Amino acid sequence: MEQRFFSGSGINRNKEMLEHLQRYGVIKSKKAAEVMETIDRALFVPDGTPPYVDSPMQIGYNATISAPHMHAMCLELLEDYLKPGMHALDVGSGRAVGVEHIPELGEFSIKNIKKSAAAPLLEGGSLLIHVGDGRQGWPEFAPYDAIHVGAAAPEIPPALIEQLKPGGRLVIPVGNIFQDLKVVDKNMDGTLSVRSETSVRYVPLTSREAQLRGY
């Protein structure tokens, strides 16, 4: 289950939220903290929703934005795979090559990225958002040094393994009722090393139709 490290009471700024995460030892990487401070979480939650509570939040269409501490954890797990010149795939959606199968959420993502410090990346073409089935990845720009998935798959999608570069890393929640955050490293010979980082609770990685039905 996603653990709540703070309630959000009195936290009304992005920087203050990050200071709480650092105080609780959730964020250890200076680079991850800098990235999360640059992009204001408030831009990516619906109006009227308190953005700085450490909890997943509904963003419509039976989708959620993950809790801040999960964003921090995944960033740190992928930090060495997100260097300049590397390629990243984000399923569900938002960094480098983002894939979202609900068109309205894809548009929501683009609209809010344009308001954020990441706007120049979108305008310059180094950040792309596509509408598609995230279980199939996005082969056009493969292979990827880093792949992040923001929904839980019953098993690791073969297409994502195929699109992962040798020496790259995939971070993905796996499971149905009981879920684990899996860290998948593809060795240079193509073999895989898989470990469980922690127990988590994400919405399912499923088809667009099943998501709109409520899974």
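1. A residue is called buried when its relative accessible area is under 20%, exposed when over 50%, and partly exposed in between (1.4 Å probe, protein chains only). The structure is a predicted model, in which local features need pLDDT of at least 70, side-chain atom pairs count only at pLDDT 80 or more, and totals for chains, interfaces and linings use all residues. Residues are numbered from 1 along each chain as its sequence is written, and side-chain values use heavy atoms, with hydrogens and water left out.

2. The protein chain has seven helices and nine strands; helices (H or I, at least four residues) and strands (E, at least two) are DSSP runs, numbered from the N terminus. Its radius of gyration is 16 Å, close to the 17 Å that the globule rule gives for 215 residues, so the chain is as compact as a globular protein of that length. That radius is taken over C-alpha atoms, and the rule is 2.2 Å times the number of residues to the power 0.38.

3. Of the 215 residues in the protein chain, 48% are buried. Among contacts (heavy atoms within 4.5 Å) between residues at least 6 apart in sequence, 52% join residues at least 24 apart.

4. Helix H3 covers residues 68-78, and eight of its eleven residues are buried. Which residues of H3 are buried? They are Pro68, His69, Met70, Ala72, Cys74, Leu75, Leu77 and Leu78.
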